[in-house]
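Good morning, and thank you for joining.

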Amino acid sequence: MNGKYMLKNKAPACAVVLAGVMLAGCSSGTGGGNSGDGVEAGTSKEDYIEALRDVDPIELVLQLPTPPGSAYSLPAENYAAAVEEWSDGQISFNIAYSGSIAGLTEMENALAEGLVDMGQHRPDYHQSDFPVTSYLGQFLTLHDTHPVAGSLQLMGAANEMWYDTDAVIEELERNGIKSLIPFTSSGGSELLCRDEAVTSLDTVEGKSIRVQSAAGAALVEHLGASSVDVPQPDVYEATQRGVIDCMDASFGLAATTGVAELTDAWTLNADTPGIPPTTSFDMSLDTWDSLPLAAQQLLWDRLDVFVESYVIDGGWGSNAEAVETSNAAGLSWNEWDAEASASLSDFWGGFRQDLADDPVGGVDGGALLDELTQSHEKWLEIVDEAVDYPEEVAWPDFDEWYSTTDIDISGWTERFVEEVLLPHRPS
């Protein structure tokens, strides 16, 4: 990596984005721990250090699912470094790597019980506890399939809608979780298979396919295949043992589980993206409520560091790693044929409408679908205005593009701060 695109092991250049946004009193933050004096949005690092000077030192246990320095660890590592710097060490982090305290399927309980203060979790692993979050996640086949534009569009639109849907935040808090970045997936999913490439309705029929969601299972059944529910930690073994022929997989899954060495072919849909996994970067609500207001605000104001690094390092970095690994393993790159692609698009359109007609948790499904569609359109316009990205980037070459391209997304990050973070800043 080179230039400003190289964010490894340091806070990104846009870490002071919020410092340039002079807005105050614009939040509707919640939490019973808003004690002490706060600071205005856009305050300087020096003012934050002064505001926290007399606060008892705060150490937060931050758990990450991956090893130090890996693509998915870097966003939180960069975030922790920025918070420590801006607090002059008054807020520090004890980072537990590779799920050493709690497995990914146990993180909700770990956060609620205070075993972990902060980290990523998967609400879609516990859909009965997070029905609204799981419901919203099933709508996410609206983003562009472009590897760069689509990921930025999805990150902006989904987080905007998650925070604007009170029922999502309320159900997280009922489960003892304070939402920070409620949606952290940066791309959809594709089909990854053993043996033959699956590109048509004939070749997919009868396959056993591992799915990530109820929506994925419905799609698989629509295609005439059989859906298999396998937790992410067990995907490698299930593939190795032949329990599954294919998997509905994000590139991040391929990068973190090692399944590229066991598989043979990717199948991409040029028209409609698959549903991404629903992941979140959140805190223990009890821990959040125990913090003084200035500490809460600093944790919030440096989320711009996490978000930008998540896109570049966590999303694009892991995608590039998966593509590089896939190419090295000799996997082929294929697309669904015209008949299958049309069938997929028709399915997702009908599926979204069926969801809207059968809402959960008191959500207005029709209004939600309209708003989410508009939000995706809005965020694609933001991407086009704020980011100079090449239209010709294709997945088989994404690793080379990532390693050689200098791209600045700070304009997009500024809009994310303005549209998503500032309206919910604690006060």
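This is a predicted model: local features need pLDDT of at least 70, side-chain atom pairs count only at pLDDT 80 or more; totals for chains, interfaces and linings use all residues.

Let us begin with G176. Setting aside residues up to four places away in sequence, G176 touches L111, A112, M283, S284 and L285, where contact means heavy atoms within 4.5 Å. Residues are numbered from 1 along each chain as its sequence is written, and side-chain values use heavy atoms, with hydrogens and water left out.

G176 lies in the loop between helix 6 (166-174) and strand 4 (177-181). Helices (H or I, at least four residues) and strands (E, at least two) are DSSP runs, numbered from the N terminus. Is G176 buried or exposed? G176 counts as buried because its relative accessibility is 18%, and buried means under 20% relative accessible area, exposed over 50%, and partly exposed in between, with a 1.4 Å probe and protein chains only. Between the C-alpha atoms of G176 and L191, 15 residues apart along the chain, the separation is 35 Å.

I turn now to the core. The largest nonpolar core has 126 residues; such a core is a set of buried Ala, Val, Leu, Ile, Met, Phe, Trp, Tyr and Cys residues joined through side-chain atoms within 4.5 Å. Helix 13 (residues 303-328) gives the most to this core, namely 10 residues. Those with the most contacts inside the core are I91, F93, M118, F281, L299, W316 and W412. What does M118 touch, residues up to four places away in sequence not being counted? The partners of M118 include L60, L62, Y79, F93, L180, F281 and L299. As general background, nonpolar side chains tend to be buried together in soluble globular proteins.

Several helices deserve attention here. Helix 12 (residues 293-301) is mostly covered, with nine of its nine residues buried; among them are L293, L299 and W300. Helix 2 (residues 74-86) is largely enclosed by the rest of the structure, because 10 of its 13 residues are buried. The buried residues of helix 2 include P75, Y79, V83 and W86. The end C-alpha atoms of helix 2 are 18 Å apart, which agrees with the 18 Å that its 13 residues should span at 1.5 Å a residue; the expected span is 1.5 Å times one less than the number of residues.

Helix 14 (residues 338-357) has 20 residues and reaches 29 Å from its first C-alpha to its last, close to the 28 Å expected. Buried residues in helix 14 include L344, F347, W348, F351 and L355. What covers the buried residues of helix 14? The cover includes helix 4 (131-137), helix 7, helix 8 (214-222) and helix 15.

Helix 15 (residues 365-386) contains H376. H376 counts as buried because its relative accessible area is 2%. Residues up to four places away in sequence aside, H376 touches L140, L142, H143, Q153, L154 and A157.

How do helix 15 and helix 17 cross? The axes of helix 15 and helix 17 (residues 410-421) come within 8 Å and cross at roughly 145°; axes are lines fitted to C-alpha atoms, for helices over the stretch in contact, and angles run from 0 to 180 degrees between N-to-C directions. On the helix 15 side, K378, W379, I382, V383, E385 and A386 meet G411, W412, R415, F416, E419 and V420 in helix 17. By class, this contact has seven nonpolar, one polar and four charged residues; Ala, Val, Leu, Ile, Met, Phe, Trp, Tyr, Cys and Pro count as nonpolar, Asp, Glu, Lys and Arg as charged, and the others, Gly among them, as polar. G411, which is found in helix 17, is partly exposed, with a relative accessible area of 23%.

Finally, the backbone. Most residues other than glycine have a negative phi. S98, although not a glycine, has a positive phi of about 55°. S98 sits in the loop between strand 2 (91-96) and helix 3 (107-112) and counts as partly exposed at 45% relative accessibility. D195 likewise has a positive phi, near 60°. D195 lies in the loop between strand 5 (190-193) and helix 7 (201-204) and is exposed, at 56% relative accessibility. Helix 2 is followed by D88, whose phi is positive, near 55°.
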